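Hi,

Here is the structure I said I would pass on. My notes on how its parts meet come after it.

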Amino acid sequence: MAATRRPGRNHLFVPGPTNIPDRVMRAMQVQSEDHRSVDFPSLTKPLFEDTKKVFGSTDGTIFLFPASGTGIWESALTNTLARGDKVLAARFGQFSHLWIDMAQRLGLDVIVQEEEWGTGAKPEKIEEALRADKNHEIKAVMVVHNETATGVTSNIGAVRKAIDAAGHPALLFVDGVSSIGSLPFKADEWKVDCAIAGSQKGLMLPAGLGVICVSPKALKAAEGQSGRNDRLARVYFDWEDQKKQNPTGYFPYTPPLPLLYGLREALACLFEEGLENVYHRHAVLGEATRQAVAAWGLKTCAKSSEWNSDTVTAILAPEGVDAAKIIKHAYVRYNLALGAGLSQVAGKVFRIGHVGDLNELSLLGAIAGAEMSLIDNGVNVTPGSGVAAASSYLREHPLSKG
Ligand code: PLP
């Protein structure tokens, strides 16, 4: 009989959901509780304030929804925009595509800037489109900060400068699902009006808690929608209901209690390490992964270093090699979960997620497993080459800034 048990720990290196620290798992093991009790706000009130720190915000308002990142996309769009409103969005990967698709299905008029997959949002093109929009018909600019499908990070600070240079009042919506809590994110400095996160990546929790940080300008835009006949339908994701309850520490409906306790512990982990150290650690692990890829003689999907993501590396399989086989073999033979290629890059890339709770040796396990799977699939890679390159880099670059 074939063995069904895979001994040892599964190595989870998809770029989300990510590994959950043991202390966060323990923190989520709680008995149910009365979420209308007098005690409840002592859990929730500090959470709203502390969560803002990972968004780089003091001015923003946090809303926590029982949802994944996709729900929070919807929350941003439906609270602030009306049917037929123009929005500007760059498409350069599966997640920017899906967000655009949602905006179109909600009845928005999306001006799509098509960018080559492996690159990201182009601030100069955004500025040009906004300058041309003399009547300010474009109500929002939508950008995916870290395109998880291709391992590409866009420069949100430069997008903000482009909007300001054009003197345009459009709102700025940023999908930070695979960046917030792992890459530097400055919601206030970049004047991000809706910053969107999910619990299952940099926040090191299970999926199920959607987080949005909303600027005062976006809150005002949402208030301006009320009473309009052409406003987008919103009920569950309406900020108005949250605004009535959250300041006193309550929610308009039953909150996912274990996730709230988990969030409290995950934030404690991030703050104990120090956010600057967290960002530095991701930068080091990202570069170590890229050193391994170069040593294998392979290329990343990111077209040049300016686009490199420090939370996920998408690696192009050599011509004639099916990346899906590399992924399947890594899972079945070595108990290693690598990220699949999505849509346009399905079968062409495999991804190593390096986001969340991981260190040098956990990353080296993934690199070793990927390397073995490449070799087993006939790719001409020198055994140990990726591990050697990554480990040399890691020895020279401590994960902590000290
Ligand atoms: N945006 C990005 C950049 C993502 O990586 C993902 C999921 O991986 C999503 C949005 C969708 O989030 P969710 O799967 O939590 O709905």
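The chain splits into domain 1 (22-270) and domain 2 (274-396), with bounds taken from an automatic or database domain assignment. Bear in mind that this is a predicted model, where local features need pLDDT of at least 70, side-chain atom pairs count only at pLDDT 80 or more, and totals for chains, interfaces and linings use all residues. Residues are numbered from 1 along each chain as its sequence is written, and side-chain values use heavy atoms, with hydrogens and water left out.

The centres of the two domains, taken over C-alpha atoms, lie 28 Å apart. Domain 1 puts 29 residues into the contact and domain 2 puts in 24 (contact means heavy atoms within 4.5 Å).

Between them the domains bury about 2100 Å², with 63% of that on carbon and sulfur atoms. Buried area here is the accessible area (1.4 Å probe) that two parts lose on being put together, summed over both. On the domain 1 side, W117, S182 and L270 lose the most area to domain 2, together 25% of what that side buries.

As for charges, the rule finds 1 salt bridge across the interface (a side-chain nitrogen of Lys or Arg within 4 Å of a carboxyl oxygen of Asp or Glu). K303 and E116 also turn up as a side-chain salt bridge, at 3.4 Å from N to O.

Cheers
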